[in-house]
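Open the model in your viewer and keep the selection tool at hand. The stops below go from salt bridges to strands, ligands and a pocket.

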Amino acid sequence: MEITLNGVKVQVEEGWTILDAAKFYGANIPTLCYHEGLSPYGACRLCVVEIGRGGRSKLVASCLHPVREGLNVRTHSERVVKARKMLVELLVARCPQSKILQDLASSMGIEKVRFKPKYDDCILCGLCVRMCEEQMDAKAIGFVSRGVKRRITTPFDIKSEKCRTCGACMYICPACQLRCQGPKADTVLCSGCLNISPSCLEKYEDTMCYMDPCVACLKEKEGNKKDVKKKN
Amino acid sequence: MHGELLSKDFPAIDAIIKKYGERKEFLICILQDIQARYGYLPKEALTRVAEKLDIPLIQIYSVATFFKAFSLRPKGGHTIHVCLGTACHVRGAERVLGKIKRDLDINVDETTKDMNFTLKTVNCLGACALGPIVEIDGKHYGNMTTVKVESVLKKYSIKKME
Ligand code: SF4
Ligand code: SF4
Ligand code: FES
Ligand code: FES
C-alpha cells in the first residue's frame, strides 16, 4: 500500500495507523496518551496530522487513524502545528506542575499560556487505567462521573482490593512526573529549555526537516538574538 | 422498599441478575432494577453484580456514576426539587432553598438523617409564572416563600415539626 507522507511516497502495511507509518519513516509526531504497550485511546489529540488535499483536508488523530491507499499525510503542516500548540497550551494550563507537559511546551516553542492555570493533577489521558487493566491485569481504577466532573478513582473512592500497589499507574502518569524544581518552579510556564519554533514554518507553511529539536535554525536564530541584544 | 437496607440481601440481587440471564449487556437494566428495589445502589449489591457478571467493579462504578438516574447514596422517602431557574431565582428561590437547608439541616444532594427527605435543585420546571417553585414527589408548590415552604415541609415530615 502506498501513501504520501510529507510529500514523499512511501510503502506502508495494511493495518498500520498513520502514527505507525510516521514512526517507521522517522517523522516525529508528538504523542501523550499513546503508549506502545497499551491500546490506543485517542484522548489527548496531540498526535493530530492533516490528511487529504487542499480545502478538503482535515485533522485526525494519527494514533487511531488507519492508513489507506493513496492517503496524503502531513505531520507538520501549519494547521497541525497550530492545533498542537493550542492543545499543549491548554494542557499546561491544566497541569503546570507536569514535567512532560512543560517539556512539550518548550519543544514546541510555546512562550505564554493564555489560560488561567488550574493546578489539576490529572489530564484524563487514561494511561493509568489502561496500564492497570492491560499490563497489570488488576482493573483497580477507572473513569467515573462525566463532563467536568470526570475523574480517575477506585470503586467507591476507597482502597481497592484489586490494587496491588505496584505503582505502574504512577509510573506512566504524565501529570505525576513533577517538573524540575528550579528557580522558576512555580511559574505557569517553565520555558527552561525553550526551543525556538522552526523558522522554516513561517516561510513554507510546513516544517522542512524532522530533526527534534530542530538545531540548525535554532542556532541561527539565537545568533540573531544575541546580535539584537548587543545593539540595545 | 425505600430505605430498606439489607446488606446481605443477595438472593434478591441474584434473582434480578438471573432475570436478565446473567448477561453483561444488561448491566444497566440490572442496575435500574436494583435502584428500583432499594431506592439507590448499595455498595454490596454492586460488588455482588461484579462477581456474578464477572465485570470489574470499577466498570460498574463508572456506569453507576455516569448516569444521573442512578444514585449511590440512599434516597429519602420524599424528594424535594427546588427550582433555581432564572425566573425562580429572581423571585427569591435562593432564600427558599436556604430555608429548606436550614430546616432540614442538609445540603443539596443530601438526605436527612431520618431518611425522610432528599434535597435536589433543578434549572426550570417549566412553570416560571408560578415561581419560586418547590416540587415534592412530583407535586408542585408555587409562589413559595420562606414562610409558606415551612408549612409545606410539615405536611411531609414524619414526626410533625415542632
Ligand atoms: S498501583 Fe494499583 S491502581 Fe496502580 S496500576 Fe498497580 S494495581 Fe493498578
Ligand atoms: S492520573 Fe495521570 S495517567 Fe491517569 S488519566 Fe490522569 S493524567 Fe493520565
Ligand atoms: S496520542 Fe493520539 S490522541 Fe493522544
Ligand atoms: S425558572 Fe423555575 S420554573 Fe422556570
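Over all chains, a search of the whole structure finds 17 salt bridges, a salt bridge being a side-chain nitrogen of Lys or Arg within 4 Å of a carboxyl oxygen of Asp or Glu. This is a predicted model, in which local features need pLDDT of at least 70 and side-chain atom pairs count only at pLDDT 80 or more, while totals for chains, interfaces and linings use all residues. Residues are numbered from 1 along each chain as its sequence is written, chains are lettered from A and ligands numbered from 1 in the order in which they are written, and side-chain values use heavy atoms, with hydrogens and water left out.

**Salt bridges**

Select D206(A) and R74(A), whose side chains form a salt bridge at 2.8 Å, N to O. D206(A) sits in the loop between α6 (199–204) and α7 (215–231) of chain A and R74(A) in strand β5 (residues 72–74) of chain A, so the pair ties together parts 132 residues apart in sequence. Helices (H or I, at least four residues) and strands (E, at least two) are DSSP runs, numbered from the N terminus. D206(A) is buried at 16% relative accessibility, and R74(A) is partly exposed at 28%; buried means under 20% relative accessible area, exposed over 50%, and partly exposed in between (1.4 Å probe, protein chains only).

Go next to K139(A) and D137(A), a salt bridge with the closest N and O atoms 3.8 Å apart. K139(A) is partly exposed at 29%, and D137(A) is exposed at 55%.

In chain B, select E51(B) and R48(B), where the closest N and O atoms of the salt bridge are 3.6 Å apart. The two are 3 residues apart in helix α3 of chain B, and therefore separated by about one helical turn. E51(B) is exposed at 55%, whereas R48(B) is buried at 19%.

**Strands of chain A**

Show β1 (residues 2–5) and β2 (residues 8–11) of chain A, which pair in the antiparallel sense over 4 bridges; strands pair if DSSP finds at least two bridges between them. L5(A) stands opposite V8(A) in β2(A). The two strands form a hairpin with 2 residues between them, and N6(A) in the turn has a positive phi of about 50°. β1(A) also pairs with β5(A), in the parallel sense over 2 bridges, with T4(A) opposite N72(A) in β5(A).

**Ligands**

Select ligand 1 and the residues around it (a heavy atom within 4 Å). Among them are C132(A), C163(A), C166(A) and C169(A). By class, this shell has 8 nonpolar, 2 polar and 1 charged residues. Ala, Val, Leu, Ile, Met, Phe, Trp, Tyr, Cys and Pro count as nonpolar, Asp, Glu, Lys and Arg as charged, and the others, Gly among them, as polar.

Around ligand 2, the residues include C122(A), C125(A), C128(A) and C173(A). Its shell has 10 nonpolar, 1 polar and no charged residues.

**A stop in chain B**

Which residues lie nearest the centre of the largest pocket? Select K68(B), F70(B), R73(B), D109(B) and K120(B), out of 32 lining residues. The elements giving two or more residues to this lining are α3 (43–53), α4 (57–66) and β2 (117–122) of chain B. The largest share, 4 residues, comes from β2(B). A pocket, on a 1 Å grid over the protein atoms alone, is an open set of points where a 1.4 Å probe fits, with protein on both sides within 12 Å along at least five of seven lines; lining residues have an atom within 4 Å of a point. By class, the lining has 14 nonpolar, 8 polar and 10 charged residues.
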